[in-house]
Amino acid sequence: MHHSTIAGLGHYIPERKVTNSDLEKMMETTDEWIVERTGINSRHWANLDTDSTSNMGTKAALMALENAKLTPSDVEFIIFCTLSPDYNFPGGGVMVQEQLGIGTIGALDIRNQCSGFLYGISVADQFIKSGMYKTVLVIGSEIHSSGLDISTRGRNVAVIFGDGAGAAVLTATDQKDTGILSTHLHSQGKYAEDLMVIEPSSTSTKRTEFNPERIYPIMNGSAVFKHAVTRFPEVIMEALLKNGYTPSDLTLLIPHQANLRISQFIQKTMKLRDDQVYNNIMNYGNTTAASVPIALSEAFQKGKIKKGDLICLAAFGSGFTWASALIRW
Ligand code: UT7
């Protein structure tokens, strides 16, 4: 049986940097509050004249393909993870297929919010293990900025989220004990209403007559925080135990960048050293499905991931959904 391995990584961050002091001009907030509660200093917002969720994903994908020394025509399947597609439907995967100019290969969209990329990696891994495909592109891309309530009313959410895209090319390998060792997926819809966007949706009698106040994300921040700090260590341990490892064996943990305080909590609970946890939320905010591939690509570029390293990816978010993947690089 083939295993899957990550052959190339890429990311794209839109140019416009929005600092906490820029947000102070839009709503009643302070740099001090944002840094203290979230660790975020700045995030990037897309320029909607030139950036879209799909084309940012395509840019990240082209970088990943180049790093894998592959071309778009090598891709056999596309998995696109987002909660902010260009259109209500169709999803972003078909847009990437067109933008990359590749043949009529399959394109699947995944809507698992912050855990989306991990779900995508898991699906790609199963396709490769089954022998159906040898090269699968997995993209996480988000534009939050156009869907945030940037008035004081929306400040508990608006200060957290940012835009960006990341991508990974997964390929088949015969090398034993390398590549993706296992993936672990979970959900608990009981808490769906703790982090959601309600409209426009099929629940409105007439979708065109939606309540404009319900188009913004609603978040019960403390509930999300409380569940996140339990589920993250749990799902990371699940991956380690499945493969006979302990936290001290980890070279690098790349947690979904939800809140720096959540990452610090996980680090403390799992007794990990600073060099075992990668964080970049300070610069990009929370980019939901894009956060893990952006962090992974950036960590790789900085030389923090080398052949033979044990890498764990983990995420938690709206749904609730949570997931992990353990990788021998
Ligand atoms: O990918 C998963 C996505 N979500 C998360 O991971 C979020 C997890 N949760 C969190 O990160 C935290 O709950 C937040 C950072 C969102 C909020 O922190 P908190 O300590 O739970 O604050 P809070 O919502 O309980 O609000 C505390 C106070 C409130 O004022 P009062 O009622 O005490 O007077 C808020 O109105 O802080 C106020 N507040 C703000 N003040 C300044 C809320 N947002 C802001 C803001 N600036 N941006």
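So, helix H2, residues 31–38, gives the most to the negative patch, with three residues. Helices here are DSSP runs of H or I with at least four residues, strands are runs of E with at least two, and both are numbered from the N terminus. The patch itself is formed by Glu24, Asp31, Glu32 and Glu36. To get into a patch, a residue needs over 30% relative accessible area and no salt bridge, and like charges are joined within 9 Å. Asp and Glu count as negative, and a charge is placed at CG of Asp or CD of Glu.

Quick word on the source. This is a predicted model, where local features need pLDDT of at least 70, side-chain atom pairs count only at pLDDT 80 or more, and totals for chains, interfaces and linings use all residues. Residues are numbered from 1 along each chain as its sequence is written, and side-chain values use heavy atoms, with hydrogens and water left out.

Back to H2, then. Glutamate 32 sits in that helix, and it counts as exposed because its relative accessibility is 59%. The scale goes like this: buried is under 20% relative accessible area, exposed is over 50%, and partly exposed is in between, with a 1.4 Å probe and protein chains only.

Now the salt bridges. How many does the structure hold? Seven, each one a side-chain nitrogen of Lys or Arg within 4 Å of a carboxyl oxygen of Asp or Glu.

Let me show you three of them. Aspartate 22 and lysine 25 meet at 3.8 Å, N to O. Aspartate 22 is partly exposed at 25%, while lysine 25 is exposed at 68%.

Next, glutamate 199 pairs with arginine 214, with the closest N and O atoms 2.7 Å apart. These two are 15 residues apart, both in the loop between strand S9 (195–196) and strand S10 (218–219), and the pair links distant parts of the chain. Buried or exposed, which is glutamate 199? Buried, because its relative accessibility is 6%. Arginine 214, at 34%, is partly exposed.

And then lysine 302 bridges to glutamate 298, closest N and O atoms 3.9 Å apart. Lysine 302 is exposed at 53%, whereas glutamate 298 is buried at 7%.

Zooming out, the chain has ten helices and 13 strands. Buried residues make up 55% of its 329 residues. The C-alpha trace spans about 55 × 45 × 35 Å along its principal axes.

Terms used
Patch = residues over 30% accessible without salt bridge, like charges linked within 9 Å, V, L, I, M, F, W, Y side chains within 5 Å. Areas by Shrake-Rupley, 256 points an atom, 1.4 Å probe, with all protein chains shown as cover.
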